[in-house]
Amino acid sequence: MKKNLQRLDLIFKNEHDTKTILKKTLARSNDEVINDLISSGLKGRGGAGFPTGLKWKLAAEAEAENKYVICNADEGEPGTFKDREILSSVPHKVLTGMAVCAHIIGAKQGFIYLRGEYSFLKSQLLEIIDDFHGILDECGVNFRVEIFMGSGAYICGEESALFESMEGKRGEPRNKPPFPTDCGYMNRPTVINNVETLAHTYSIMKYGPEKFKDLGVQDSRGSKVFSVSGDTPIPGIYELEFGMSLQKFVDDFGDGDSKAVQVGGASGFCVPRKRFEKTIIGYQGKLRGTSLPTGGSMMIFNSSRSMYNVLHNYLDFFVEESCGQCTPCRVGTQQLLLGIQAVKKGEQPSVYLDKLLDLAEAMRVTAKCGLGQSVANSFSSIVENFREEMIY
Amino acid sequence: MSDKINLKIDNIAVSINGGSTILEAARKINIRIPTLCYHEDLCVAGNCRVCVVEQAGSDRLLPACAMPVSEGMEIHTNSMKVRNARKQIVELLVSEHRADCTRCYKNGKCELQELASEYIVGENGFIDLVAHKGYTIDNFSPSIIKDDSKCIRCQRCVRTCDQLQSISALTVAHKGEHMKISSFFEKPMFEVVCTNCGQCVNRCPTGALTEKTYLDEVWSSLNSERKHVVVQTAPAVRIALGEALGMPAGEIVTGKMVSALRRLGFSSVLDTDFTADLTIIEEGNELLHRLKKVVKDKDDSVKLPMTTSCSPGWVKFIEHAFPEYLPNVSTAKSPQQMFGALAKTFYANKIGVEPENMVSVSIMPCTAKKYEADRPEMRSSGYKDVDYVLTTRELALMIKQAGIDFASLPDDEFDSIMGESSGAAVIFGATGGVMEAALRTAYEVVTGREVPFENLEITPVRGMESIREANIKIENVLPEWDFLEGVELKTCVAHGLSNAKKIMEAVRDGKAEYHFIEIMACPGGCLGGGGQPIPTSPAIRKKRSEAIYAEDRHKPIRKSHENPEVMHLYEEFLKEPLGHVSHKLLHTHYTERNRY
């Protein structure tokens with residue numbers, strides 16, 4: 001695999017052809033559009049990586065009078081800020097993706113679940129939605145989009161907690177199955193996609209699946225928008241091809257002294273310098289070495305950083321942001337935090353870290369939702385790679 | 001979803017209806033999977049995670065209570081991975097639970113304690129989280145004590161309060177480490193809409209929710225030379241007490257209970273069933289009086305439908321939720337409070353005891369009765385009519401403390417007077433029982449004939465269906481009741497406050513017309529009360545119900561108005577139903593309460 005992976009400008013290219021794209025796509029059969037999405041290899045850009053075409057297909061096949069399309073704009077993962085930019089600069093792409101999805105699955109109502117902290121985007125978005133409704137009317141699409149404001153809880157970015165929140169209940173994840181495509185918002189079939197995912201569907205509708213598939217590698221196709229932060233001279237938002245090694249990433253974005261990269265935010269993995277070369281940014285699949293999925297957060301740490309403090313910070317976050325519903329997440333996160341504090345202070349022996357690693361593994365396999373399951377990612381990767389920093 | 005699904009659990013093949021869970025499938029083949037947040041009466045939460053099991057080929061473990069079975073599944077409930085995960089979860093729960101077990105009211109009856117002992121949670125557990133949190137105990141309610149330091153956040157209480165009772169006095173507040181079970185604005189339980197029904201207490205796996213106990217007070221009264229301690233026992237106690245003392249559900253232990261109470265030192269062992277019969281006379285006559293006012297006199301000031309008033313959880317519920325319907329609630333006091341008022345007047349006089357030297361104790365299947373006895377209206381004798389209310393569970397504790405071998409006790413009889421009762425009184429303990437008892441009497445008063453049901457068993461009002469309706473045509477009435485000729489008496493029975501709410505909304509919205517509604521706050525009626533032995537389940541309540549109706553069938557007297565002691569009470573003391581003395585001692589009024 002010799003491929004020169006590059007920076008791109010697909011998502012943020014401001015193309016004013018919403019109506020054309022919409023008309024062109026609506027003229028095709030539902031199966032054709034879904035097959036394009038499937039063959040493009042597009043996977044969810046929120047981090048979990050569920051194939052988007054399949055999600056639409058399942059929702060289209062579900063039988064119900066009412067269905068919904070929801071754009072998940074509750075961008076809460078620490079170190080992620082790309083959806084905000086997409087919604088600021090190219091919201092019409094997201095709306096177009098939603099409208100086509102609605103047309104295919106048979107939904108008349110859509111929502112943008114907007115992160116509480118992004119309320120400054122609301123009035124601008126409302127105006128754009130209003131214009132967009134006009135375009136929908138011209139194209140004869142019976143679909144309306146509303147904005148639902150989140151209230152700041154991280155857990156509400158989890159899709160089923162998001163539904164609960166929209167239904168006026170506590171934002172707590174549901175048991176799965178049933179999955180959203182059968183039983184989502186208001187217990188109706190629902191497609192819920194990340195902001196970036198929807199924007200990509202626009203590119204696929206416009207340029208065709210082949211163009212999209214040409215980008216990236218193997219199971220990780222297309223481009224991805226990354227939020228680059230930490231010890232970098234050029235923090236910001238970058239669109240890159242999938243499949244890049246971390247070494248190449250650090251060469252491009254690091255400050256020359258990069259000790260570790262946290263891929264995927266607080267719920268992602270910490271990769272130490274010695275593994276940069278073998279780690280590839282992409283969905284888990286048939287890639288060589290280790291592939292790491294990410295919702296887009298790339299935090300770079302240089303040698304001046306204490307990885308104990310980094311982990312402490314993440315655990316503080318989880319202790320606060322767990323919904324508190326399930327035991328492994330509610331109590332486990334508290335124990336991990338108190339545990340590393342106790343080891344640091346010498347109140348517990350260093351082997352207590354092994355008990356905590358076992359706990360993190362138990363949390364990974366028993367927690368009810370992605371939040372509790374993924375605490376182990378950052379915990380284990382930091383403790384295993386920087387054990388001495390935890391103790392001394 | 002009724003097609004059979006075939007799967008294997010621990011290499012044992014099982015076939016079960018589609019839509020069933022792994023837990024149900026495992027139970028079918030007698031494989032026990034531990035649970036904490038799961039309860040048969042409640043919707044599945046899947047939040048404690050102790051029931052996790054391993055599916056072949058799957059990395060993550062599955063919650064057995066929430067995961068539906070699928071064809072060809074291979075489940076392992078006892079793999080290394082499962083045991084390890086389960087032990088860690090139990091250790092986590094113990095770390096956030098104040099585990100001072102020997103000082104806990106639920107010691108020996110705590111589901112977490114049981115699991116902790118099964119998984120040998122030893123010294124090498126996690127860091128104690130309780131010390132960090134500064135918990136306080138809410139013990140202001142006369143009925144329920146809430147101790148957050150023992151709460152494991154399984155939310156059984158929250159689901160009970162919402163789903164079964166539609167109250168939501170208990171809800172989840174905050175998130176993450178601060179997540180807790182709380183009430184409106186975190187006010188104490190006695191200030192919020194809590195009806196004191198105690199259904200949460202019945203379902204709490206730990207000692208986080210318990211009844212407020214009055215054992216010390218009762219023991220000290222029994223110990224006092226000066227005090228004459230009378231005790232009354234509610235109908236539903238005698239069919240459930242055995243469960244708390246090692247006997248199977250549905251055992252009728254009336255005689256043993258009376259023996260035990262005598263052995264404990266109660267001076268008079270009397271029966272709430274006696275005043276249940278009395279309630280029927282008063283309440284039945286009130287119903288006929290209301291019917292006369294409405295049907296014959298066209299008096300708008302008198303309200304129908306009339307609802308029962310013997311369930312104090314229901315009374316507090318309607319005071320909070322439907323205060324505009326308070327005039328519809330029967331003014332008759334509950335049997336407990338009728339008993340209390342008579343004990344310190346009529347009975348004290350009869351046996352020559354000064355009322356101030358009398359201590360009136362009641363044994364109830366109920367925690368709300370503790371609250372009811374505390375209501376300021378309940379002092380018509382000039383004293384607190386009922387001094388202490390103990391639950392069935394507390395009585396069982398007293399019997400254990402006294403070293404009484406309950407199972408080997410001989411049967412004994414209640415004291416006379418106020419100890420005699422009819423079968424109609426016994427069935428007060430089951431949902432539909434008050435209705436049936438009232439109809440047995442009212443129908444006969446109006447027509448001079450017995451109710452037209454075989455063996456007096458009014459089956460349409462029996463059973464466990466949440467809401468039941470029965471219409472009874474009144475024909476060939478006695479001359480004085482001619483205005484009721486041909487009237488179809490419309491009745492309705494509901495149990496569980498969520499069903500009560502449905503009925504009241506239907507009445508309010510004009511969607512249902514009834515003359516008489518029986519409502520019991522607890523599922524199954526008093527037999528499923530918040531003071532009854534733990535655990536409770538539909539199967540246990542069914543057995544208790546069968547026992548109650550068996551007790552009725554075997555009673556020589558089946559109708560309240562044929563209870564000779566009650567007849568005697570009217571002749572000698574009350575003179576007539578709804579009369580002057582009755583009004584003073586046996587009837588009450590209600591208070592509108594806030595809605596939050």
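Author: Start with a term. Two residues are in contact if their C-beta atoms, placed from the backbone, lie within 7 Å. Keep in mind that this is a predicted model.

Now take helix H16 of chain B, residues 538-554. This helix has 17 residues. From first C-alpha to last, H16(B) reaches 25 Å. That is close to the 24 Å expected at 1.5 Å a residue.

Which residues of H16(B) are buried? They are Ile540(B), Arg541(B), Arg544(B), Ser545(B), Ala547(B), Ile548(B), Glu551(B) and Asp552(B). Look down the axis of H16(B): the buried residues fall within an arc of 160°, so they line one face of the helix. An α-helix has 3.6 residues a turn, so residues three or four places apart point the same way. On the other side of H16(B), Pro538(B), Ala539(B) and His554(B) are exposed.

What do the buried residues of H16(B) pack against? Their partner is helix H13 of chain B, residues 423-426.

Next, step back to the whole chain. Chain B is divided into four parts: domain 1 (4-78), domain 2 (93-211), domain 3 (224-274 + 336-408) and domain 4 (287-332 + 426-586). Elsewhere in chain B, the centres of domain 1 and domain 3 are separated by 44 Å, taken over C-alpha atoms.

The largest nonpolar core has 286 residues. Met98(A), Ile22(B) and Ala64(B) touch the most other members of that core. Leave aside neighbours within four places in sequence. Ile22(B) is then in contact with Val53(B), Leu62(B), Ala64(B), Met67(B), Val69(B) and Ile75(B).

Finally, see how the other chain meets chain B. In all, 27 residues of chain A are in contact with 29 residues of chain B. Three helices of chain A each supply at least two residues of the touching side: H11 (307-321), H12 (327-345) and H13 (352-366). H12(A) gives the largest share, 10 residues. By class, the side of chain A that touches chain B has 12 nonpolar, 10 polar and 5 charged residues.

Key. Residues numbered from 1 in each chain as written. Chains lettered and ligands numbered in written order. Predicted model: local features only at pLDDT ≥ 70, side-chain atom pairs only at ≥ 80, totals over all residues. Helix = DSSP H or I, 4+ residues; strand = E, 2+ residues; numbered from the N terminus. Nonpolar A, V, L, I, M, F, W, Y, C, P; charged D, E, K, R; others polar. Expected span 1.5 Å × (residues − 1). Buried ≥ 20, exposed ≤ 12 C-beta atoms within 10 Å, placed from the backbone. Arc of directions from axis to C-beta. Domains from an automatic or database assignment. Core = buried A, V, L, I, M, F, W, Y, C linked by C-beta atoms within 7 Å.
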